[in-house]
Amino acid sequence: MADGKMLEVASQPRVAPVQTPAQSKPKQVHYPFWFGGSASCFAASVTHPLDLVKVSFNSQSFVRLQTRAPDAPKTMVGTFVHVVKNNGFTGLYGGLSAAMLRQITYSTTRFGIYEELKSRVVSPTSDSTGTPSLLTLIGIASASGFVGGIAGNPADVMNVRMQHDASLPPAQRRNYRHAFHGLIQMTRTEGFSSLFRGVWPNSTRAILMTASQLASYDTFKRMCIEKAGMADNLGTHFTASFMAGFVATTVCSPVDVIKTRIMTASHAEGASQSIVGLLRDICRKEGLGWTFRGWVPSFIRLGPHTIATFLFLEEHKKLYRKLKGI
């Protein structure tokens, strides 16, 4: 009898142990390359008036106040009123076509490369979920930003010039009808190389922006979920993007001044002064304090754009997973 029971037990098939969710490796979702550019376009359509009005306190860190006339408005509210009074409400969206073209080229490239590399690279210091470490994220974000900065430079020049155009006297305005008209006019009158004016400071800024924005967002999001016990929801996305905007503003503030001054310069002006010469002149006239003057209005512009970009991006991903049944 005992032998019969032993044979019965032995004949039963062995069942493999069930793998718990903690032991199973999470599935890596491969999102479309263009999601970052699309999310950035949505964000730009919301925050473009802030980008146009760009104000600083006693500094020259934004488009309209970097090269403003002495009698120009010196506050954000004053600049909003000035633009609406002289150009109507639609004036707040001047240069929107260039802003959209910039996001389509610059942001699509940097977000797309970053997400692609992030899904493929797993560093030796990755956590149990396979998420790359902060240093790895910074490295791939820097490479993505460099390529994106070059790809988006022509549109960035248009964006800065079209925003700056309304602040010039009528006789000095370039009067580009839209971004493509501006690109054609620049190429005809200033040569093809003018499309890449300021490409090196712009690429430097793109490296700093992408590293401080994308890498910090992923890091802050992971900290919110793993350390603070927050759920992967809108509140977490808002918190992480707010902190990412804080970091990006602090890192990129000095480079914004240099980039915009070079891009708004005419052909003759751009050829007459190097980046080193421009830095020397700014430091001589304003001291080293220019690097972080105007941080608050810079964050007022960049913070909402960063928040909106990541909120739209997360919604893109959420909808994609829903459609794919993931």
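This is a predicted model: local features need pLDDT of at least 70, side-chain atom pairs count only at pLDDT 80 or more; totals for chains, interfaces and linings use all residues.
Visitor: What makes Y217 and F310 a stacked pair?

Guide: Their ring centres are 3.9 Å apart, with 10° between the planes. Rings pair if their centres lie within 6.5 Å, and planes under 30 degrees apart count as stacked. A search of the whole structure finds twelve aromatic pairs.

Visitor: Which parts of the chain does the pair of Y217 and F310 tie together?

Guide: Y217 lies in helix 9 (residues 199-226) and F310 in helix 13 (residues 295-324), so the pair joins parts that are 93 residues apart in sequence. F310, at 2% relative accessibility, also counts as buried.

Visitor: What makes the contact of K221 and E314 a salt bridge?

Guide: The closest N and O atoms of K221 and E314 are 2.9 Å apart. The cut-off is 4 Å, between a side-chain nitrogen of Lys or Arg and a carboxyl oxygen of Asp or Glu. The distance is within that cut-off, so the pair is a salt bridge. K221 is in helix 9 and E314 in helix 13, 93 residues apart. Both residues are buried.

Visitor: How do you know that D232 forms a salt bridge with K221?

Guide: The closest N and O atoms of D232 and K221 are 3.8 Å apart, and the limit is 4 Å. The pair therefore counts as a salt bridge. D232 lies in the loop between helix 9 and helix 10 (234-264), while K221 is in helix 9, so this pair ties together parts eleven residues apart in sequence.

Visitor: Why is D232 called partly exposed?

Guide: Buried is under 20% relative accessible area and exposed is over 50%, with partly exposed in between. D232 is at 47%, so it counts as partly exposed. K221, at 16%, counts as buried.

Visitor: What joins the side chains of E190 and R197?

Guide: They meet in a salt bridge, at 3.0 Å from N to O. E190 has a relative accessibility of 16% and therefore counts as buried. R197 is buried as well, with a relative accessible area of 12%. The structure holds nine salt bridges. E115, K118, D218 and K317 are linked in a network of salt bridges.

Visitor: How do you know that the span of helix 7 agrees with its number of residues?

Guide: Helix 7 (residues 153-165) has 13 residues, which at 1.5 Å a residue should span 18 Å. Its end C-alpha atoms are 18 Å apart, so the two values agree. As for cover, 13 of its 13 residues are buried.

Visitor: What makes R102 buried, and which residues are in contact with R102?

Guide: R102, in helix 5 (residues 96-120), has 12% relative accessibility, so it counts as buried. Leaving aside neighbours within four places in sequence, R102 touches S107, A155, D156, N159 and R205.

Visitor: Which residues form the nonpolar patch on the surface?

Guide: The patch is formed by F146, V147, W200, I275 and L279, with about 430 Å² of accessible area together. Helix 6 (134-151) and helix 12 (275-286) each give two or more residues to the patch. V147 is in helix 6. Residues of a patch need over 30% relative accessible area. V147 is at 37%, so it passes that limit and counts as partly exposed.

Methods
Residues are numbered from 1 along each chain as its sequence is written. Side-chain values use heavy atoms; hydrogens and water are left out. Patches are made of residues with over 30% relative accessible area and no salt bridge: like charges are joined within 9 Å, nonpolar side chains (Val, Leu, Ile, Met, Phe, Trp, Tyr) within 5 Å. Accessible areas come from the Shrake-Rupley method with a 1.4 Å probe; for residues, only the protein chains shown count as cover. Helices (H or I, at least four residues) and strands (E, at least two) are DSSP runs, numbered from the N terminus. Buried means under 20% relative accessible area, exposed over 50%, partly exposed in between (1.4 Å probe, protein chains only). Rings of Phe, Tyr and Trp (its six-membered ring) pair if their centres lie within 6.5 Å; planes under 30 degrees apart count as stacked, over 60 as edge-to-face and the rest as tilted. The expected span of a helix is 1.5 Å times one less than its number of residues. Contact means heavy atoms within 4.5 Å.
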